[in-house]
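Here is a short report for a reader new to this structure. Look at the sequence and the model, then read on.

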Amino acid sequence: GSNATTNKLPPGEACNCIRSRCLKLYCTCFQVGKICNPNACTCVGCLNTHETGGHRKAAIEATLEKRPDAFDKPKVKEVG
């Protein structure tokens, strides 16, 4: 059998943000609308948590002002 444990997690399962405080679209967790998981993420100065909900809400609103489709599900592009 194959080893099920791996360091690579799907997007939105863990991040390793250093300067964005996990409130920018660079953060894979924030990008998919999830809060960071303290057991999986290795981010620094994270504000993408339930405890910092005010910061998170403000960041989501600011992001949506700039890009209304920022949190939409990725669309599959037709090739050809």
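Which side chain is joined to that of Asn48 by a polar contact of 2.5 Å? It is the side chain of Arg56. The model is predicted, and the sections below start from the whole chain.

## The chain as a whole

The protein chain has 80 residues, and 24% of them count as buried. Its secondary structure comes to two helices and zero strands. Helix α1 covers 28-31. Helix α2 covers 53-66.

The accessible surface of the protein chain is about 6500 Å². Carbon and sulfur atoms hold 53% of that surface.

## The nonpolar core

The largest nonpolar core has 11 residues.

Setting aside neighbours within four places in sequence, Cys15 is in contact with Cys22, Cys27, Cys29, Cys36 and Cys41, among others. Its contacts also include Thr28, Thr42 and Cys43.

## Asn48, a buried polar residue

Asn48 sits in the loop between α1 and α2. Is Asn48 buried or exposed? Asn48 counts as buried because its relative accessibility is 0%, and the cut-off for buried is under 20%.

Two polar contacts involve the side chain of Asn48. One joins it to the side chain of Arg56, at 2.5 Å. In the other, a polar atom of the Asn48 side chain lies 2.9 Å from the backbone oxygen of Lys34. Beyond four places in sequence, Asn48 also touches Arg21, Ile35 and several others.

## Glu13, at the partly exposed level

Glu13 lies in the segment before α1. Its relative accessible area is 33%, so Glu13 is partly exposed. That value falls between the cut-offs of 20% and 50%.

Which side chain makes a polar contact with that of Glu13? The partner is Lys34, at 3.0 Å. Not counting residues up to four places away, Glu13 touches Cys29, Lys34, Asn37, Ala40 and Cys41. Glu13 and Thr28 are 15 residues apart along the chain, and their C-alpha atoms are separated by 7.8 Å.

Terms used: Residues numbered from 1 in each chain as written. Predicted model: local features only at pLDDT ≥ 70, side-chain atom pairs only at ≥ 80, totals over all residues. Heavy atoms only, no water. Core = buried A, V, L, I, M, F, W, Y, C linked by side-chain atoms within 4.5 Å. Buried < 20%, exposed > 50% of the residue type's maximum accessible area, 1.4 Å probe, protein only. Contact = heavy atoms within 4.5 Å. Helix = DSSP H or I, 4+ residues; strand = E, 2+ residues; numbered from the N terminus. Polar contact = N/O pair within 3.5 Å; in protein donor to acceptor, adjacent residues only side chain to side chain. Areas by Shrake-Rupley, 256 points an atom, 1.4 Å probe, with all protein chains shown as cover.
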